[in-house]
Amino acid sequence: MTQSLERDVEVSRTAPGSSGGGPAEERAIRRIAFGHRLSRWDVKISPYLYISPFFILFGITGLFPLIYTGVVSLYDWHIIGGQGDFVGLANFEWVLGQEKFWIALRNTFSIFIFSAVPQVILALIIAAILDQNLKAKTFWRMGVLVPYVVAPVAVALIFSNMFGDQYGLINNLLGRIGLDPVGWHSQVVPSHLAIATMVNFRWTGYNALIFLAAMQAIPRDYYEAAAIDGASRIRQFFSITIPSLRPTLIFVIITSTIGGLQIFDEPRMYDSTGEGGASAQWMTITMYIYNQGFGASGGGQFGHAAAAAWLLFLVIVIVGLINLVATRAIASNESRSSK
Amino acid sequence: MTTAQRTRAVPPRTANLRTRRKANAAATNKPNFLGYAFLVIVILGSLFPLYWSFLIGSGDASTLRNLDVNWLPGGNLISNMAEVLENEAVGFWRALGNSLIVSTVVSVSVVLFSTLAGYAFAKLRFRGSKPLLFFVIGTMAVPTQLGIVPLFIAMSQWLHLSGNILAVILPALVSAFGVFWMTQYLSQALPDELIEAARVDGANMIQTFWHIALPAARPAAAMLGLFIFIGTWTNFFWPFIILSSANPTLPVALSLLQSNFFVDYSLVLAGVLLSTIPLLILFVVAGKQLVSGIMQGAVKG
């Protein structure tokens with residue numbers, strides 16, 4: 001710290017005007033004045049300097065592509081020829097007129113429901129158990145988090161093997177208890193269930209830890225009071241825990257909406273062609289965008305891909321808002337009934 | 001200590017013995033056998049897919065067709081892994097190197113820039129700080145895949161970085177989540193008095209940041225670095241678009257594994273295990289930090 005003071009003095013010595021040889025007093029005042037000015041400048045400019053790397057880099061690689069997607073979506077734009085004619089909303093019309101887009105939308109929703117609902121419920125149960133006075137707490141907490149370090153692509157490869165139609169483990173086990181094999185790849189709903197299982201595998205433990213953290217912030221007196229009033233543990237869970245978790249529930253549901261509706265890795269790797277099945281039975285919207293933009297056959301349609309990306313964004317915003325309203329309503333009903 | 005606090009249920013003196021006992025049982029919050037059993041099942045379920053890869057990955061092409069599942073591993077794991085490593089079309093070593101470089105550079109960059117910006121937002125007063133922070137938080141909710149087409153046009157056609165790992169690194173150098181995370185942490189963990197003391201002692205702004213803010217930020221910075229590292233390591237969508245099979249990252253190489261060996265799952269799953277081992281090692285070393293990172297983030301987020 002004192003070093004910097006000395007350096008400031010040094011600077012002021014070499015500053016023009018200070019070598020003029022005035023009285024020592026004046027020189028000292030000037031030194032302080034210069035150092036003061038420098039420091040004020042430092043205070044004013046520094047915050048902007050510190051945030052500028054983020055804003056500059058984000059502007060170039062994040063914000064610009066987002067806005068430019070809107071531009072591309074309004075043009076006839078191909079990977080080879082580049083920007084073509086302005087076509088207005090024709091790309092949107094084209095995408096909305098495609099049956100595959102609607103199938104992809106259906107699949108995306110279906111997979112999202114199959115993954116989000118069981119995941120939140122299971123995560124809540126796991127969190128409630130982890131919230132008790134367990135022995136070896138860290139062990140259990142780490143244990144549920146293991147799947148998080150397995151890459152989605154790896155998860156997809158493992159599960160597409162276990163859910164194999166012909167030689168898969170699941171069908172093998174079903175056969176042993178006398179059930180018919182399920183077309184985990186060939187059929188619509190089973191393929192969605194299999195893909196949702198991958199998502200649940202990777203994220204349930206993660207979300208359980210988020211819920212656990214929120215549960216630990218609930219004052220224990222609430223439970224004690226409820227217990228004295230004779231409330232069972234189940235009743236306590238629904239009347240104290242769930243309402244107190246409201247902000248966390250909203251957070252988890254919104255983030256899993258944003259992530260879940262963009263799902264790509266798992267369905268893309270569910271078979272070796274990556275086309276989402278013979279009749280697009282598990283093709284999602286992001287896969288649709290990928291196929292329009294970069295697919296092996298019929299790709300390179302940047303205008304179509306950009307329009308589909310905007311439509312996906314719209315879907316995410318709408319579903320996000322619906323979820324926000326629904327979660328609020330559910331959680332506040334719970335808290336009302338608890339009074 | 002927390003145990004003592006939690007188990008202390010004090011029923012009012014007027015309560016009769018029966019309610020008192022019941023209250024104690026409901027509020028002591030001791031897990032019963034069922035709770036442990038449930039957790040054991042959850043953890044077995046979490047580990048099973050990895051064990052299954054191990055089973056299939058240590059067998060040969062016929063293992064899967066065998067209807068009597070052999071629950072003990074075969075002896076071919078090493079040779080299967082070796083075959084994956086030697087396959088030139090997959091380029092596993094190259095992918096491993098690329099993933100290491102990309103994940104390390106991205107984590108260091110995100111942590112540094114997020115700490116700088118987070119410090120400014122949390123502790124420095126400047127015009128426009130509130131709207132700017134609001135903007136950062138707002139962008140967290142915007143799906144990044146929306147910008148994939150222009151990003152491709154920019155990286156591939158303007159900068160000619162197609163197939164280059166720089167094209168993966170550049171868009172990931174900063175993170176809105178990171179800025180938000182460090183802002184939240186520093187606004188609580190770094191006392192204003194400490195900064196003022198340093199300023200009074202004559203430290204300039206960057207010295208204050210370097211000697212005061214950075215050390216205070218270390219725990220949160222380490223957690224952020226871990227999350228960004230794992231996120232980058234497992235990221236697939238954008239690398240899959242911009243990188244080629246000649247110069248992949250690990251997830252991209254894994255996807256090639258399927259198109260190359262799609263018949264022989266013993267090789268595919270041996271490759272899956274190989275690509276997961278580095279993160280499993282990281283998990284053993286830093287799993288505790290990951291757990292507390294998620295839990296801290298939850299309380300604040």
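Trp77(A) sits opposite Gln83(A) in strand β2(A). Strands β1 (residues 75-78) and β2 (residues 82-86) of chain A run antiparallel and are joined by 3 bridges; two strands count as paired if DSSP finds at least two bridges between them. β1(A) and β2(A) make a hairpin, with 3 residues between them.

Keep in mind that this is a predicted model: local features need pLDDT of at least 70, side-chain atom pairs count only at pLDDT 80 or more, and totals for chains, interfaces and linings use all residues. Residues are numbered from 1 along each chain as its sequence is written, while chains are lettered from A and ligands numbered from 1 in the order in which they are written.

**The two chains**
- Chain A has 14 helices and 2 strands, whereas chain B has 14 helices and 0 strands. Helices (H or I, at least four residues) and strands (E, at least two) are DSSP runs, numbered from the N terminus.
- Buried residues make up 41% of the 339 residues in chain A and 44% of the 301 residues in chain B. A residue is buried if 20 or more other C-beta atoms lie within 10 Å of its own, exposed if 12 or fewer, and partly exposed in between, with C-beta atoms placed from the backbone.
- In chain A, 67% of the contacts with a separation of 6 or more are between residues 24 or more positions apart. For chain B, 72% of contacts between residues at least 6 apart in sequence join residues at least 24 apart. Two residues are in contact if their C-beta atoms, placed from the backbone, lie within 7 Å.

**Where A meets B**
- Chain A puts 86 residues into the contact, and chain B puts in 94 residues.
- On the chain A side, helix α2 (residues 24-73) gives the most, with 20 residues.
- That side of chain A divides into 59 nonpolar, 21 polar and 6 charged residues. Here Ala, Val, Leu, Ile, Met, Phe, Trp, Tyr, Cys and Pro count as nonpolar, Asp, Glu, Lys and Arg as charged, and the others, Gly among them, as polar.

**Cores**
- The largest nonpolar core has 157 residues, and those with the most contacts inside it are Ala127(A), Leu157(A), Phe211(A), Ala308(A), Ala309(A) and Leu224(B). Such a core is a set of buried Ala, Val, Leu, Ile, Met, Phe, Trp, Tyr and Cys residues joined through C-beta atoms within 7 Å.
- A second, separate core has 6 residues, including Tyr223(A) and Ile240(A).
- Not counting residues up to four places away in sequence, Ala309(A) touches Thr69(A), Ile289(A), Gln145(B), Leu146(B), Ile148(B) and Val149(B).

**Helices to look at**
- Helix α6 (residues 152-162) of chain A is mostly covered, with 11 of its 11 residues buried; among them are Leu157(A) and Phe159(A).
- α3(B) has a kink of about 35 degrees at Phe48(B), shortly before the proline Pro49(B). The bend at a residue is the angle between axes fitted to the seven residues ending there and the seven starting there.
- The buried residues of α3(B) include Val42(B), Pro49(B) and Leu50(B).

**Two alanines with positive phi**
- Ala136(A) has a positive phi of about 55 degrees although it is not a glycine. Ala136(A) lies in the loop between α4 (99-130) and α5 (137-145) of chain A, and is exposed, with 9 other C-beta atoms within 10 Å.
- Ala280(A), not a glycine either, has a positive phi of about 55 degrees. The loop between α12 (265-268) and α13 (285-294) of chain A holds Ala280(A), which is buried, with 20 other C-beta atoms within 10 Å.
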